[in-house]
Amino acid sequence: MPAEQHPHSTTGSAGSAGLAGLVAPAVESTGLYCEAVTVGGEPGERVLTVIVDRTEGTEGLDLDEIAAVTQAVSTALDAADDDLPELGTEPYQLEVSSPGVSRPLTEPRHWRRNVGRLVTVEVEPGTESAAVVTGRIESVDEDGVVLVPVRPGAKKGMPAKVGAPERHAYDRLGPAQVQVELTRGGIVASGEELNSEV
């Protein structure tokens, strides 16, 4: 994960929303989407974390793309004339990465990025008919997703049972979690590499 040390100082306190206003245009200039901007760490050892992703497609980000967006963000912050929200007068470390499979799927773009993968999601959360479903994302559009239910075999070692595709509107779904699938050859995330931790 590329990281750079920056001796920036700031007198503002607009918070990470203010930082996002500086960071997001730099990320978007590289053709990527700014998913989140957070500040963590202890005083004197602050870490500015920027999570980036594609808006379309299922392929992961490679190291060259992460390096390019890191440079773009670094340049934008350097050009801010040290007037950065939330970071105070301390130096900080910039870390840029992609989300990883641990990110819950809460937006249509998250679902689009994970077509073909196995997810677990609560359908109709907060209602009497609420149910947790595990299924593979078959397709995604503006209104919802089509999931192919996958249920474990009746006994250990037996193949999973695949059901008929089911369509769900986004407003009927809670946050979904991508499932890591184990194979004899190694670990995959629903047919692809774990992809997003660069």
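Okay, hi everyone. Before anything else, keep in mind that what you see above is a predicted model.

Let's start with the overall picture. The chain has 198 residues, and 38% of them are buried. For secondary structure, we've got 3 helices and 12 strands. If you take the contacts with a separation of 6 or more, 63% of them are between residues 24 or more positions apart.

Now, the charged side chains. How many salt bridges does a search of the whole structure find? It turns up 9. I'll walk you through a few of them.

Take Arg103 and Glu35. They form a salt bridge, with 3.3 Å between the closest N and O atoms. Arg103 sits in the loop between β4 and α3, while Glu35 is in strand β2, so this pair ties together parts that are 68 residues apart in sequence. And is Arg103 buried or exposed? Buried: its relative accessibility is 13%, and the cut-off for buried is under 20%.

Next up, Asp53 and Arg113. Their side chains meet in a salt bridge too, at 2.8 Å from N to O. Asp53 belongs to strand β3 and Arg113 to helix α3, so here the pair ties together parts that are 60 residues apart in sequence. Both ends are tucked away: Asp53 is buried with a relative accessible area of 3%, and Arg113 is buried, also with 3%.

Here's the bit I like. Those two pairs belong to one network of salt bridges, which links Glu35, Asp53, Arg103, Arg109 and Arg113.

One more pair: Glu59 with Arg54. This salt bridge has its closest N and O atoms 3.6 Å apart. Which of the two is buried? Arg54, at 16% relative accessibility, counts as buried, whereas Glu59, at 41%, counts as partly exposed.

You'll find Leu87 in the loop between α2 and β4. Even though Leu87 is in a loop, this residue is buried, with a relative accessible area of 2%. Now look across to Val47. Leu87 and Val47 are 40 residues apart along the chain, and their C-alpha atoms are separated by 9.1 Å.

Methods. Residues numbered from 1 in each chain as written. Predicted model: local features only at pLDDT ≥ 70, side-chain atom pairs only at ≥ 80, totals over all residues. Heavy atoms only, no water. Salt bridge = Lys/Arg side-chain N within 4 Å of Asp/Glu carboxyl O. Helix = DSSP H or I, 4+ residues; strand = E, 2+ residues; numbered from the N terminus. Buried < 20%, exposed > 50% of the residue type's maximum accessible area, 1.4 Å probe, protein only. Contact = heavy atoms within 4.5 Å.
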